[in-house]
Amino acid sequence: MTDEGSTPPPVTRAQVLGVTLGNALEFYDFLVFSFFAVQIGQCFFPATNPHSSLLLALATFGAGFLTRPIGAVVIGGLGDRIGRRPMMLLSFAMIGLSTLGVAITPSYAAIGIAAPIIVILCRLVQGFALGGEVGTSTAFLAEAAPAAKRGTYISMQYAGQGASTLLAGAIGVGLAASMNDSALASWGWRIAMAVGVTIVPVGLVLRGRLPETLHATVSATKAPRVRSYAGVAIFAFLTMLSATVCTYVLNYMTTFAKATLGMPSGVALGATVAVGAGNLVGALIGGVMSDRHGRRPWMIWPMLVFTVAALPGFWLLTRYPSAATLYGVSFVLRMLCSIAATSALVAVAEALPARVRSGALAILYAVAISVFGGTTQFVIAWLTGVTGNPLAPAWYMFAAAVLGLVAMAFARETAPAKAIASA
């Protein structure tokens, strides 16, 4: 921990990359379960009805969200007391071990009911680790950044998630192109999970070299009362709720294309690449442009366009279900959502007091994502099956986008005025 009045050593680009890489790898491991939900369902949850098997797999995916609030309180809270760096190391190690557990667990056919039980336990550990990851890493980036580049630094949070999605999709497309559906369901998906595990030692080294950004006297002071930043908390919850639902609907595109539109695995998995690319591009645009022009305009306008485009985009996809349409709709919608979500995340990090920044960010993010991220893919799969309407995911996403847009419209500008003027 640094002393009061001192500043942490300058953070190099390589060290910022280390935070980004670590976050990207954590989300890669977490999201790859979702991208291969159909295959994992066949492996661990065999059922006579393929739709039931998919729902069981998605319910297991959602189980990982149950422990996110616990991880947020424990890891995020400790990040405000003993430092950002040790907690980032802890979360990274835990998710690496839990992902290894999923990758090597035998199938239901081999060990019976023990297989899904082990997978669920591993998912709970993954959720615990990720519950504290967002708060500690975002707090670190906010504190390590120069004021004029805070948006750019924090944008690396979502950019890392986009890179992980892009990598997961690219590996999925490669696996689908090199093996048939039977092999992909049997063992191919395990390769995708194993990739994340192999990078864990590299991530631990990179994070171990990071400086500490939390002042010792800041951590020793009494935490401010929640009501002193209640407005920020409400804004954060609504915007994170909105971004979470939109994110997990769009991350569901691969499963939607395969299970609902009947596209081949190779084409369907390409949607993950498009979503990842849109997330990566949108995050960088949102971070850089919010540094130049402020957070509010780069929250509101992209989210407004996203809200208007969501239903027509899905209608176009169901009307003309081609690879080009799938990739185009996935990329554009994800890019717009990412621009707005990144700008909102920067605003939240700037508005929260340093003493509670890690914990508050972690808890707000974990609650929003646990309630809505953990249920979104299950809900839209269920709605699609019950109603027979392929536009069900779009309607769900539209409602969430409206909530986020309303919150953004009432938000205050948090960007330093001098930083904007000099940009």
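Sources. I am working from a predicted model, where local features need pLDDT of at least 70, side-chain atom pairs count only at pLDDT 80 or more, and totals for chains, interfaces and linings use all residues. Residues are numbered from 1 along each chain as its sequence is written, and side-chain values use heavy atoms, with hydrogens and water left out.

Cysteines. I looked for disulfides (a pair of cysteine sulfur atoms within 2.5 Å) and found zero. Cys 337 is in no disulfide, and its nearest cysteine sulfur, that of Cys 246, is 4.5 Å away. Cys 337 is buried at 0% relative accessibility; buried is under 20% relative accessible area, exposed over 50%, partly exposed in between (1.4 Å probe, protein chains only).

Cores. I took a nonpolar core as buried Ala, Val, Leu, Ile, Met, Phe, Trp, Tyr and Cys residues joined through side-chain atoms within 4.5 Å. The largest has 84 residues, and Phe 235, Met 240, Phe 306, Phe 314 and Met 397 touch the most other members. Helix α16 (residues 323-351) gives the largest share, 13 residues; helices are DSSP runs (H or I, at least four residues), numbered from the N terminus. Another core, of 25 residues, lies apart from it and includes Cys 122.

Aromatics. I counted three pairs, with ring centres within 6.5 Å (planes under 30 degrees apart stacked, over 60 edge-to-face, the rest tilted). Phe 44 and Trp 189 are edge-to-face, 5.7 Å centre to centre with 70° between the planes. They sit 145 residues apart, in helix α2 (residues 37-44) and helix α9 (residues 181-198) respectively.

How values were computed. Helices (H or I, at least four residues) and strands (E, at least two) are DSSP runs, numbered from the N terminus. Rings of Phe, Tyr and Trp (its six-membered ring) pair if their centres lie within 6.5 Å; planes under 30 degrees apart count as stacked, over 60 as edge-to-face and the rest as tilted.
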